[in-house]
Amino acid sequence: MHTREEKLEAFAKALDIMETLRAKCPWNASQTNESLRPLTVEEVYELSDAVLRGDDADLRKELGDVLLHVIFYSRIAEEEGRWDIADVLEGLCNKMIFRHPHVFGDGASEGMTEEDVAKNWELIKTREKGGNRTILGGVPKSFPPLLKAYAMQDKAKSVGFDWEEKQQVWEKVREELGEVLEAVDEEDPAHMEEEFGDLLFAVVNASRLYGTDPSVALDKACEKFSRRFGYLESQTLAKGLDLKQMTLAEMDAIWDEGKARGL
């Protein structure tokens with residue numbers, strides 16, 4: 001591991017490289033906050049993918065890419081005379097200290113549980129904004145819907161708006177499923193969209209209550225489907241068959257074979 005001095009030197013080197021790129025590279029010099037935004041989103045997803053795959057080498061690389069974007073935005077702001085990376089870091093430090101009074105404040109942290117800390121978190125953030133910030137106001141509108149639903153439910157939980165017993169959520173899931181079926185019978189597209197949304201929201205809630213990240217769970221389900229469908233395709237080709245000409249029963253037989261193989 002590196003010393004504190006080596007870490008600071010490495011960070012300073014990254015800042016120097018960005019300064020040089022902005023001065024001498026046409027592509028880097030032309031970038032704006034708006035042009036960087038979609039690239040930043042892509043980098044965050046790549047970082048998330050590295051975490052899910054447990055690829056430590058790739059995780060280190062992707063963290064570097066995300067850090068590059070933090071430095072990039074900060075350099076643009078510095079050139080425009082608004083603020084610089086030191087302001088970003090100072091703001092981060094102040095926020096972490098303010099939001100952790102049980103660690104940095106006068107109050108003792110002895111006896112506090114993780115749940116206690118989580119309950120205080122949103123209330124502290126509200127006070128930080130002068131009491132004008134709503135509990136759900138911190139959920140970005142640009143979040144993917146699945147992540148947004150989870151985040152909203154988690155924030156509501158932080159102030160006690162949650163099921164008293166997690167088993168109670170299944171009544172809500174069954175209720176929403178029944179309303180979906182009613183909407184389907186009506187053949188009303190707008191009503192179906194609304195009820196499917198309510199059902200998905202309820203399922204995300206159930207996943208959260210049982211300690212499962214719905215985004216991770218759905219991603220793994222997609223990967224499993226991909227593996228099994230890939231097996232179906234490969235076996236179909238190996239037998240000289242055409243998926244479009246096969247019956248569903250024939251495809252299911254190969255699908256079940258792949259499932260039995262642990263795919």
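1. Helix α5 provides the largest share of the nonpolar surface patch, namely three residues. The patch covers about 450 Å² and is made by L67, V70, W83, V88, L89 and L92; α4 (56-79) and α5 (85-98) each supply at least two of its residues. V88, which is found in α5, is partly exposed at 32% relative accessibility. Patches consist of residues with over 30% relative accessible area and no salt bridge, like charges being joined within 9 Å and nonpolar side chains (Val, Leu, Ile, Met, Phe, Trp, Tyr) within 5 Å. Areas follow the Shrake-Rupley method with a 1.4 Å probe, and for residues only the protein chains shown count as cover. Buried denotes under 20% relative accessible area, exposed over 50%, and partly exposed the range in between (1.4 Å probe, protein chains only). Helices (H or I, at least four residues) and strands (E, at least two) are DSSP runs numbered from the N terminus.

2. The model is predicted: local features need pLDDT of at least 70 and side-chain atom pairs count only at pLDDT 80 or more, whereas totals for chains, interfaces and linings use all residues. Residues are numbered from 1 along each chain as its sequence is written, and side-chain values use heavy atoms, with hydrogens and water left out.

3. A202 touches V169, K172, V173 and E176, leaving aside residues up to four places away in sequence; contact here means heavy atoms within 4.5 Å.

4. E187 is placed in the loop between α9 and α10 and is exposed, with a relative accessible area of 66%.

5. Three aromatic pairs are counted, where rings of Phe, Tyr and Trp (its six-membered ring) pair if their centres lie within 6.5 Å; planes under 30 degrees apart count as stacked, over 60 as edge-to-face and the rest as tilted. W170 and Y210 have ring centres 5.7 Å apart and planes at 40°, so this pair is tilted. W170 lies in helix α9 and Y210 in the loop between α10 and α11 (214-238), 40 residues apart. The rings of F225 and W255 are likewise tilted, with centres 5.3 Å apart and planes at 50°. Together with F229, F225 and W255 form one aromatic cluster.

6. The whole structure holds 13 salt bridges, each a side-chain nitrogen of Lys or Arg within 4 Å of a carboxyl oxygen of Asp or Glu. R22 and E79 meet at 2.6 Å, N to O; R22 lies in helix α1 (residues 4-24) and E79 in helix α4, so the pair ties together parts 57 residues apart in sequence. R22 is buried at 13% relative accessible area, whereas E79 is partly exposed at 38%. R22, R75, E78 and E79 are linked in a network of salt bridges.

7. D162 and R208 also form a salt bridge (2.8 Å, N to O). D162 sits in the loop between α8 (145-157) and α9, and R208 in helix α10, 46 residues apart. R208 is buried at 9% relative accessibility, while D162 is partly exposed at 27%.
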